[in-house]
Amino acid sequence: MNQITVTGMILAVTPVGEYDKRVVILTKERGKIAAFARGARKPNSMLVGVTTPFCFGEFNVYEGRTSYTLMSASVSNYFAELRSDMEGAYYGFYFMEIANYYAKEAADETQLLKLLYQTLRALENPNLPNRLVRCVFELKAVSIEGEGPQVFECVQCGNKEKSEVFSVRKGGLICEKCKGTVTDGITLLTSSLYAVQYVVSSSVEKLYTFIVKEEVLKQLEMVTASYLEHYTGKRFRSLDILETIL
């Protein structure tokens, strides 16, 4: 067995047996890994406080041939404010479920981890609407994973002239000449188009630096939610729970 230290965030926790836990960690070094935390459900275990969702820090694990074992952890951010905010916490659970869906073992998930961390920080910012944070995360997550929309030219013919018609099924913008070939075209407001282009093209560090008007936010919600559902083909359980409290 080989002991290593990884930097990451706990995405999910499952009880195992009477005293143990199985944790899924999104790491910078190894992508998504699953590790067993022996005795983590015992009240006096040093692993009790570091094996819960939202924990970000360094995790010391033994790497076996088929699994990992969590030995200790040094948590640098528990996202305590988020834990005390029911709506914010459920948004966080939703984002972690998306990250869990996309992340792969032994893959370079540095950008996805960075996005998740910055997004949870954005949820703690009272000046940013949670609805906008959701739109930004959904769009950037699919873009990082190579499934993002084409928002700078027509997906049909490559025309780079200004176009504000968006097709979820086609995967991006449709120009004036081609818009008659789609049945799901959405005419975006200019501000909505700029917001989508900004999210797709900007670095993670610069994502949460703007706000939009309500009419723009409604368009972003419609586009990003439909796009994510279409290209994942999945309905996330945490989203169903989130929508019951909104």
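A: First, a term: a residue is called buried under 20% relative accessible area, exposed over 50% and partly exposed in between, using a 1.4 Å probe and protein chains only. Helices (H or I, at least four residues) and strands (E, at least two) are DSSP runs, numbered from the N terminus. Keep in mind that this is a predicted model, where local features need pLDDT of at least 70 and side-chain atom pairs count only at pLDDT 80 or more, while totals for chains, interfaces and linings use all residues. Residues are numbered from 1 along each chain as its sequence is written, and side-chain values use heavy atoms, with hydrogens and water left out.

Now the barrel. Five strands close it in the order β1-β2-β3-β5-β4, with mixed pairing; two strands pair if DSSP finds at least two bridges between them. From one strand to the next, the twist averages 50 degrees. (Axes are lines fitted to C-alpha atoms, for helices over the stretch in contact, and angles run from 0 to 180 degrees between N-to-C directions.)

Start at β1 (residues 2–16). On one side, eight bridges tie β1 to β2 (residues 20–27) in the antiparallel sense, and A12 sits opposite V24 in β2. Three residues lie between the strands of that hairpin, and G17 there takes a positive phi near 60 degrees. β1 also runs antiparallel to β4 (residues 56–63), again over eight bridges, with M9 facing F56 across the pair. The parallel pairing is between β3 (residues 31–37) and β5 (residues 68–77), over two bridges; A35 stands opposite Y68 there.

Next, the helices. α3 packs on the sheet and touches β1, β2, β4 and β5, its direction making about 60 degrees with that of β1. Contact here means heavy atoms within 4.5 Å. The buried residues of α3 include L112, L116, Y117 and L123. The expected span is 1.5 Å times one less than the number of residues.

α2 (residues 86–102) lies across β1, β2 and β3, running at about 120 degrees to β1. Its 17 residues reach 25 Å from first C-alpha to last, close to the 24 Å expected. Among the buried residues of α2 are G88, Y91, F95, I98 and Y102. Residues three or four places apart in an α-helix point the same way, because there are 3.6 residues a turn.
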